[in-house]
Amino acid sequence: ELSDANPHFRTLDRISPDLVHAVVTNEDGGFFHHRGFNTEAMKQAIAENLKAGAFRRGAGTITMQLARNLYTGHARTLSRKGQEVVLAWILEHLAHVSKERLLEIYLNIIEWGPGIHGADEAARFYFDRDAHDLTLDQSLFLSTLIPSPSRWRWRVESNGTVRPYVKEQMHFIGRAMVAKGWLPPEALPPVDSLHV
């Protein structure tokens with residue numbers, strides 16, 4: 001339910017800006033500039049997949065991921081990827097859904113762990129707080145979960161601390177946010193100081 005009838009639904013302005021920017025940075029840095037899909041990334045993915053003889057790289061934009069979550073399912077096939085491209089084009093060109101609304105829907109439906117869907121459910125499951133109240137470190141951590149949400153436990157040690165490679169990934173995303181002007185440089189702590 002993508003409305004206030006769902007207690008976990010959050011409009012874009014009720015989700016931490018750090019989380020919004022971290023997710024866009026990690027999942028689709030050009031989201032606000034392309035029109036549904038990244039042609040160059042798709043060409044590279046097709047070439048790599050043909051060379052490997054298997055599906056290794058996806059090149060999916062946020063709009064394409066949204067189409068997959070809403071309509072096509074998660075089978076890793078070339079035909080499904082083609083459907084995603086068409087649906088992304090329809091969403092951005094014919095349905096006249098704003099980028100902000102596409103992102104809002106995306107953040108409210110994607111999986112952040114087994115059975116955990118949407119930014120607010122994720123914020124409450126991992127940090128016992130509302131999606132609006134996430135810290136920068138928490139936002140960066142959550143953004144690392146999206147590519148493989150079922151493997152979230154591999155990102156933390158048995159004592160609950162974040163593994164070093166995840167801290168590196170979080171810092172990389174933070175530096176990219178700084179480069180985009182979405183985060184002041186002084187707000188990003190050193191990699192060893194990142195924690196959740």
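**Figure 1. Overview of the predicted chain.** A residue counts as buried when its relative accessible area is under 20%, and by this criterion 45% of the 196 residues of the chain are buried. The model is a predicted one, and its chain contains eight helices and two strands, which follow one another from the N terminus in the order α-α-α-α-α-β-β-α-α-α. Among the contacts in the chain with a separation of 6 or more, 60% are accounted for by residues 24 or more positions apart.

**Figure 2. Close-up of helix H1 and the elements that cover its buried residues.** Helix H1 spans residues 17-27, and its buried residues are Leu19, Val20, Ala22, Val23, Val24, Thr25 and Glu27. The cover over these buried residues of H1 includes the helices H3, H5, H6, H7 and H8 as well as strand S1, with S1 formed by residues 111-113 and H8 by residues 164-179.

Figure 3. When residues up to four places away in sequence are not counted, Ser16 touches Ala131, His132, Leu134 and Ser139.

**Figure 4. Close-up of the salt bridge between Arg14 and Asp4.** Side chains of opposite charge can pair when their charged atoms come close. Arg14 forms a salt bridge with Asp4, and the closest N and O atoms of the two are 3.5 Å apart. Both partners lie in the segment before H1, so the pair ties together parts that are 10 residues apart in sequence. Arg14 is partly exposed, at a relative accessible area of 33%, whereas Asp4 is exposed, at 63%.

**Figure 5. Close-up of the salt bridge between Arg68 and Glu84.** In this pair the closest N and O atoms of Arg68 and Glu84 are 2.9 Å apart. Arg68 and Glu84 are both buried.

Figure 6. The side chains of Arg101 and Glu104 meet in a salt bridge, at 2.4 Å from N to O. The two residues both belong to helix H5 (residues 99-109), where they are three residues apart, about one turn of the helix. An α-helix has 3.6 residues a turn, so residues three or four places apart point the same way. Arg101 is partly exposed, with a relative accessible area of 30%, while Glu104, at 10% relative accessibility, counts as buried. Elsewhere in the chain, Arg10, Asp120, Arg124 and Asp130 are linked in a network of salt bridges. The count of salt bridges comes to eight.

**Figure 7. Close-up of the packing of helix H6 against helix H7.** H6 comprises residues 119-127 and H7 residues 136-145. These two helices pack at an angle of about 110°, and their axes are 11 Å apart. H6 and H7 are therefore roughly perpendicular to each other, since angles of 65 to 115 degrees count as such, and their crossing is right-handed. From H6 the contact is made by Ala122, Ala123, Tyr126 and Phe127, and from H7 by Gln138, Phe141, Leu142 and Leu145. The residues of this contact divide into seven nonpolar, one polar and no charged.

Figure 8. His96 is exposed, with a relative accessible area of 68%. Asp128 is likewise a residue other than glycine with a positive phi, here near 55°, and this aspartate is found in the loop between H6 and H7. At 67% relative accessibility, Asp128 counts as exposed, because the limit for that class is over 50%.

Notes:
Residues are numbered from 1 along each chain as its sequence is written. This is a predicted model: local features need pLDDT of at least 70, side-chain atom pairs count only at pLDDT 80 or more; totals for chains, interfaces and linings use all residues. Side-chain values use heavy atoms; hydrogens and water are left out. A salt bridge is a side-chain nitrogen of Lys or Arg within 4 Å of a carboxyl oxygen of Asp or Glu. Helices (H or I, at least four residues) and strands (E, at least two) are DSSP runs, numbered from the N terminus. Buried means under 20% relative accessible area, exposed over 50%, partly exposed in between (1.4 Å probe, protein chains only). Contact means heavy atoms within 4.5 Å. Axes are lines fitted to C-alpha atoms, for helices over the stretch in contact, and angles run from 0 to 180 degrees between N-to-C directions. Angles under 35 degrees count as roughly parallel, over 145 as roughly antiparallel, 65 to 115 as roughly perpendicular and the rest as oblique. A crossing is left-handed if the near helix is turned anticlockwise from the far one by less than a right angle, and right-handed if clockwise. Ala, Val, Leu, Ile, Met, Phe, Trp, Tyr, Cys and Pro count as nonpolar, Asp, Glu, Lys and Arg as charged, and the others, Gly among them, as polar.
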